[in-house]
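Dear colleague,

Please find below the structure that I am handing over to you. My notes on what was found in it follow directly.

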Amino acid sequence: MSLTNACWDTHDFKVRMLDWSAARGSRLAFTCRYCGRRFCQFTLLSQAAWAVDGDGKALESAVSTRWLGEACPHLFNLKDDEDRKQLRKT
Ligand SMILES: [Zn+2]
């Protein structure tokens, strides 16, 4: 898991378990108390976390990459709402 990422550590996450599967482990939702950004990650896969919207739907990988590469902005910003509309195509 890439939880030692320096940007990741600037957020103050509330962590909640969404569901569980034998293959992938728990799916955890990380919601930051400061900026409201939300990410998901499986506990058993080495896959990096990805950004999700308020309903837990995955966002475009460009948004994930950007959010994961930024330190916590410490505020809710309107641009994030625009980012949250860019759902990953399934
Ligand atoms: Zn944050």
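Asp9 is exposed, because 12 other C-beta atoms lie within 10 Å of its own; by the rule used here, a residue is exposed at 12 or fewer such neighbours, buried at 20 or more and partly exposed in between, with C-beta atoms placed from the backbone. Asp9 belongs to the segment that precedes strand E1 (13-21). Between Asp9 and Arg27 there are 19 Å in space, C-alpha to C-alpha, and the two are 18 residues apart in sequence.

Please note that this is a predicted model, in which local features need pLDDT of at least 70 and side-chain atom pairs count only at pLDDT 80 or more, while totals for chains, interfaces and linings use all residues. Residues are numbered from 1 along each chain as its sequence is written.

The sheet

Strands (E, at least two residues) and helices (H or I, at least four) are DSSP runs, numbered from the N terminus. Two strands are taken as paired if DSSP finds at least two bridges between them. Four strands make up an open sheet in the order E1-E2-E3-E4, with antiparallel pairing. E1 and E4 are its edge strands, each pairing on one side only. From one strand to the next, the twist averages 30°, where axes are lines fitted to C-alpha atoms (for helices over the stretch in contact) and angles run from 0 to 180 degrees between N-to-C directions.

Taking the pairs in turn, E1 and E2 run antiparallel and are joined by eight bridges; Lys14 has Thr31 in E2 as its bridge partner. E2 (residues 25-32) and E3 (residues 38-42) are antiparallel as well, with five bridges, and Leu28 stands opposite Gln41 in E3. These two strands form a hairpin with five residues between them, and Gly36 in the turn has a positive phi of about 80°. E3 also pairs with E4 (residues 50-52) over three bridges, in the antiparallel sense; there, Phe39 is partnered by Ala51 in E4.

The nonpolar core

Which residues form the largest nonpolar core? The six are Phe39, Ala51, Val52, Leu59, Val63 and Trp67. Such a core is a set of buried Ala, Val, Leu, Ile, Met, Phe, Trp, Tyr and Cys residues joined through C-beta atoms within 7 Å. At least two of the core residues come from E4, and at least two from helix H1 (61-68). Leaving aside residues up to four places away in sequence, Trp67 touches Arg37 and Ala51, contact being defined as C-beta atoms, placed from the backbone, within 7 Å.

With kind regards

How values were computed. Contact = placed C-beta atoms within 7 Å.
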